[in-house]
Amino acid sequence: MLHATERRRFFDLNWIVFAVILAIIAIGLLNLRNADFYSEDSFHERQLKWYLVGMVIAVIVAVLDLHIISRLSYLAYGVTTFMLVAVLFTDPINNSRRWLPIPGLGDTVQPSEFAKLTLILALARFFHDGHREEKPDDSALMRFFRPLLPFVLILPPVGLIFLEPDLGTALIVLFVGLSMVFFEGLRWRTVFTAIGLVAIIVPLGWRFFMHDYQKDRVRVWLDSHALEERLDAAKKVLKQSPDDTGLQIKVKEIKDVLDKAYQPKQAEIAIGSGGFYGTGGQLGHADRQRTLPYLHTDFVIACYGEERGFIGCTILLVLYYLLCYWAIRVTKSARDRFQALISVGVCGLIFWQFFVNVGMVTGLLPVVGVTLPLLSYGGSSVLTICMGLGLLFNVVFRQRATG
């Protein structure tokens, strides 16, 4: 039994963090309602259901014994890996295989979202157990490969998610895993080996595994102006030789690539047109909002930026900063390696998703398809982030309960 003082310390929660999380959720619901106004849909009503379920799950995770969670880490990792394999045999939706149906509920789940969290748990358990530390009886070959063992856990989910195809989520999973590896410390041979693997994998991935639409997104991001100049030059030549079949094909190919830039440009225009104060709720440019890609998911901040302007975006940025800052500060509350690595992993999950999503919507990064944590519509994404937050509060509770 805990004494009265200990109970007060146990329930002395960080209300600022609660306020930050609730503020992001409130902004998300309000923004989805406004996005529904343009698309005449009801995503915000369905999202409310996921928020409520997510909060319940977060509370359950927050009070579970972390030793039980640690023991189940590899099992959870194995289950999600199996789900990632199973999803590759489902019928494609929008040319991708990312969702598994939930029997009896008429809904779907996205295993790649849960794989982010189970990888965090598996890596935390791996490092906590000391598998990466050299043993006195290690052979020279084992001493070389032991620092690379974490990648045995990282690469399977990354590869399976990439095959769906879902480049954005695969990159997020990779970044989260690397964040935890860097937190544990890297040796120079590991760094050089990793650089060598990247130097080999990137060209091979570009040549044999990346889809044409993914390559087009990268080309447009690298230099859309050069492509526009090439298109104008090709059109001028085509006017002089209208029967040139090869030139016609070339013009069509360049147009197809530039088409990938149209919708991201509309998102940039939407954010820019918000000005300093924004246009106000449901007062954005209706035609442009309707043409924005994935208005409720990947590009949700474009709607928000137009309606709330620079002030609103700054407030949102501060809220995410406070959330990430608190998440990394939770490492100081950790009682062991497992808890500290969970904190780093969840912080990395929130940070990298925010960074990549905002970067691609604003044109700083190529479009890869990543949701904005707690703001974008999506049940699997909301549940994953809520479970991650529940783990962070669990670490804080354990520290405060035991002093």
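Reply: A definition comes before the count: rings of Phe, Tyr and Trp (its six-membered ring) pair if their centres lie within 6.5 Å, and planes under 30 degrees apart count as stacked, over 60 as edge-to-face and the rest as tilted. The structure is a predicted model, in which local features need pLDDT of at least 70 and side-chain atom pairs count only at pLDDT 80 or more, while totals for chains, interfaces and linings use all residues. Residues are numbered from 1 along each chain as its sequence is written, and side-chain values use heavy atoms, with hydrogens and water left out.

Me: OK, how many aromatic pairs does the structure hold?

Reply: It holds 14 aromatic pairs. In one of them, the ring centres of phenylalanine 43 and tyrosine 377 are 4.9 Å apart and the planes stand at 70 degrees, so this pair is edge-to-face. Phenylalanine 43 belongs to helix 3 (residues 43-63) and tyrosine 377 to the loop between helix 15 (337-361) and helix 16 (379-402), so the pair ties together parts that are 334 residues apart in sequence. Helices here are DSSP runs (H or I, at least four residues), as are strands (E, at least two), numbered from the N terminus.

Me: And are phenylalanine 43 and tyrosine 377 buried or exposed?

Reply: Both phenylalanine 43 and tyrosine 377 are buried, where buried means under 20% relative accessible area, exposed over 50% and partly exposed in between (1.4 Å probe, protein chains only).

Me: Switching to charges, how many salt bridges does a search of the whole structure find?

Reply: The search finds five salt bridges, each being a side-chain nitrogen of Lys or Arg within 4 Å of a carboxyl oxygen of Asp or Glu. Among them, aspartate 166 and arginine 98 meet at 3.9 Å, N to O. Aspartate 166 sits in the loop between helix 8 (150-162) and helix 9 (167-184), and arginine 98 in the loop between helix 5 (73-87) and strand 1 (100-102), so the bridge ties together parts that are 68 residues apart in sequence. Both aspartate 166 and arginine 98 are buried.
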